[in-house]
Amino acid sequence: MAIDYSQLIPNNVDLSSDRRLQRALENWQPRFLDWWKDMGPDGTSAFDVYLRTAVSTDSNGWANFGYVKMPDYRWGIFLADRDPERQIAFGDNKGKPAWQDVPGEMRSTLRRLIVTQGDTEPASVEQQRLLGKTAPSLYDLRNLFQINVEEGRHLWAMVYLLHAYFGRDGREEAEAMLERHSGDPDKPRILGAFNEATPDWLSFFMFTYFTDRDGKYQLASLAESGFDPLARSCRFMLTEEAHHMFVGETGVGRILQRTCELMKEHRTDDVRSLGAIDLPTIQKYLNFHFSVSLDLFGQEASTNAANYYTQGVKGRFLETRIDDDHLLTNASYEIETVEDGRIVKKAVPALQALNERLRQDYIDDCAKGVLRWNKAIERAGINFEMTLPHRAFDRQIGAFAGLRVSPEGKVLSEAEWNANKDRWLPTDEDRAYVTSLMGAAVTQPGKFAHWIAPPARGINNQPADFEYVRFN
Ligand code: BYC
């Protein structure tokens, strides 16, 4: 169904046929806009930004480009098309028709998952609120804003589900989404990574590479949900998510490229003296963002995860392509965990290991981009390899929380950790240095900050020197 943009809230869910729901969402809309004004990208309401807006959910319509003032962006409700034949693919309800409404016994579980997912979206916009002030180019500024508006839309996607299917509780949860704030000591966001600061563009690119990729894996698991409106919402969100990770991968890649160019040209490792970011500092940022993002997958052995799966509310990554019984009642899965202060491998019931299995899918995916970064470093003739730290490194959630572990996976004493941690994680001084590079936004088309290379190509076949943002 094409999206009707003449409506106050563009949608492909026939919103006008349900006046109560429409009114409730129209009531929430000004609160969302107030939140965007207060907590969204700072001081940007007059900018014309070359943005992609979905005008339908099919391949022709979801990527329409044109100049938009961000507060006028048409945030709407778009679900992937319904398959009337769709069946639940896993768990106790396997083979039954997908639910078009929320089964009573799954209400609180589903609400919790939708709220947790929804909470991350405005959180990331809040985290990125000030980055526009130091954008390294118009191209990057536009990509930041594209991500911001789409995270706003992903919030709309979850808020629609809460309003449409969870009655009064859902409306209260939708309000609370705008009341919690990233890093707020009294009302923080739900998951750890979304309360960390994103104060500079290296952090932003690492966040969009590693943390948005958690989004990809969580959304893909929810896209398997037996609750069809959730599955369809997540399926469409995933099409947008790909660009966010592209921004992260190419952003880190362009910083590495610039660093390597300067190292070659000046025959030195000391690129800080040349105003760029040295490779060990980039590795430290990688270590931090990877481990914070690993925490987002939850406990290694989780009865919550087992229940979600058995009930049919949250599946595995690409569930329907996996060749097994999709019940997992007799299967086991090997996880790494901690026993007597040591990291050990242990077989546990597969149902309990679903968070860990998803984390492993995620790690494999993260490694692919690191391989591409390393190829580029090698092509530049520099002898340095970026690596993903061990899954137990610097974890706050799960079996490894509190354990001191090196990036190679060696368990350390507190003294060994303290003696080495500044080699592995960004120090205050590293952060101050990276922040010091973030000068005033580079606003001349085709110009880039000194510490980052231009992109290989522009957005939507436009050149790199296209005027992606007009300031008016
Ligand atoms: N921080 O049994 P466990 C995205 C809690 S990102 C704080 O493992 P479960 C995006 C947990 O709540 C994708 N608390 O839990 C990216 C539980 O609490 P209770 C976001 C945590 O439920 C970039 C307890 O520890 N989507 O879209 O199996 C930009 C026991 O843990 C954390 C989702 O996360 C943490 N990191 O797994 C924009 C999908 N981890 O019961 C957007 C929905 C665990 O003791 N969420 N806890 O009170 C879920 O599927 C699950 O809630 C989780 C946790 C996978 C997060």
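This report describes the ligand site and the strand pairings of a predicted model.

## Basis of the model

Residues are numbered from 1 along each chain as its sequence is written, and side-chain values use heavy atoms, with hydrogens and water left out. In this predicted model, local features need pLDDT of at least 70 and side-chain atom pairs count only at pLDDT 80 or more, while totals for chains, interfaces and linings use all residues.

## The ligand and its shell

The ligand sits in the largest pocket. A pocket is found on a 1 Å grid over the protein atoms alone, as an open set of points where a 1.4 Å probe fits, with protein on both sides within 12 Å along at least five of seven lines; a molecule sits in it if more than half of its atoms lie within 2 Å of its grid points.

There are 30 residues around the ligand, of which Q117, Q299, S302, Y308 and K314 come nearest; a residue is near a molecule if one of its heavy atoms lies within 4 Å of it. This shell divides into 10 nonpolar, 13 polar and seven charged residues, where Asp, Glu, Lys and Arg count as charged, Ala, Val, Leu, Ile, Met, Phe, Trp, Tyr, Cys and Pro as nonpolar, and the others, Gly among them, as polar. Helix α2 (107–127) gives the most, with seven residues, and α5 (201–222) and α8 (303–311) each supply at least two. Helices (H or I, at least four residues) and strands (E, at least two) are DSSP runs, numbered from the N terminus.

Polar contacts are pairs of N or O atoms within 3.5 Å. An oxygen atom of the ligand lies 2.9 Å from a side-chain N or O atom of Y308, and a polar side-chain atom of N355 is 3.1 Å from a ligand oxygen atom. A ligand nitrogen atom is 3.2 Å from a polar backbone atom of G192.

## Strand pairings

Three strands form an open antiparallel sheet in the order β2-β1-β5; two strands pair if DSSP finds at least two bridges between them. Its edge strands are β2 (64–69) and β5 (469–470). Strand β1 (residues 48–53) joins β5 over two bridges, and V49 stands opposite V469.

Strands β3 (residues 332–339) and β4 (residues 342–349) pair in the antiparallel sense over eight bridges, with E336 opposite K345. They form a hairpin with two residues between them, and D340 in the turn has a positive phi of about 50°.

Terms used: Polar contact = N/O pair within 3.5 Å; in protein donor to acceptor, adjacent residues only side chain to side chain. 1 Å grid on protein atoms, 1.4 Å probe; cavity = no way out; pocket = protein on both sides within 12 Å on 5 of 7 lines; lining within 4 Å.
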